Amino acid sequence: METSKTFFKDSPIDSPQVFMENIKQWLIDQQIISSKEQPLEFEAPNTYYGDNGYKKIIAAGDFYGKVEFITKRKEIMHTLGWDWGVDFLLPEIVCCPICKQDLIKGIDPATFYGENNLKQDPNGIRILQELRKGIPLWESNEEVHLTCHNCGTQSLLEAYEYQQSLIFTNFAIIFWNWPELKSEFKHTLLNKLGKDTLFIDL
Ligand SMILES: [Zn+2]
């Protein structure tokens, strides 16, 4: 499985492209990444390999991977888990922002993926189906609302709480297949990226 260390904005930001250029240039100046973007036929857009300075930022090992910048709306758990072999990742929770109820409580993942045959709450299944359809629409910049079957309120898909089992953002930096990063570097980068930035290590 590919490993990933991801810095991401917890909520969408303005001008993610401009924001990326600043951070990317800083990483290039430090020789952490190469200034040469990898060709699109091999990699996702905005992908760069490590450069000579990579040793400055790693805590173990002696290798570097690649760095991908995401600057548009993306549910990044599906990006990070692309090789897990499912087209829809079952989130751990889907909590309504108004009544705080977990709307998929009791849904059995094995049943959901068709390996088991337990009776499931049809409301829980319905919200998962809406979410599954909603993610690509949200990624193409549409407003997607989900209706809570507990309190009846409609809220934006990204307003629901998924406890990082789904992550809706429009800015992320993914270090693919790098060894452990020095905590000093992580802090510096988190500071540079500013408030509302989180880190996930998978
Ligand atoms: Zn609710």
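**View 1. The loop between β7 and β8, with Gln-164.** Gln-164 sits in the loop that links β7 (154–156) to β8 (168–169). Keep in mind that this is a predicted model. Though not a glycine, Gln-164 takes a positive phi of about 65°. How many other C-beta atoms lie within 10 Å of Gln-164? There are 14, so Gln-164 falls in the partly exposed class, which covers counts between the exposed limit of 12 or fewer and the buried limit of 20 or more.

View 2. Asp-196 isn't a glycine either, yet its phi is positive, at about 75°. Asp-196 has 13 C-beta neighbours inside 10 Å, so it counts as partly exposed.

**View 3. Helix α1 and the residue Gln-31.** Helix α1 covers residues 16–29, 14 residues in total. From first C-alpha to last, α1 reaches 20 Å, close to the 20 Å expected at 1.5 Å a residue. Following α1 comes Gln-31, with a positive phi near 55°.

**View 4. Strand β3 and its pairings with β2 and β4.** Strand β3 (residues 47–50) runs antiparallel to strand β2 (residues 33–37), and two bridges join them. Look for Glu-37 standing opposite Tyr-48 of β3. β3 also pairs with strand β4 (residues 66–70), again in the antiparallel sense, this time over three bridges. Which residue in β4 is the bridge partner of Tyr-49? That's Lys-66.

Key: Residues numbered from 1 in each chain as written. Predicted model: local features only at pLDDT ≥ 70, side-chain atom pairs only at ≥ 80, totals over all residues. Helix = DSSP H or I, 4+ residues; strand = E, 2+ residues; numbered from the N terminus. Expected span 1.5 Å × (residues − 1). Pairing = 2+ DSSP bridges.
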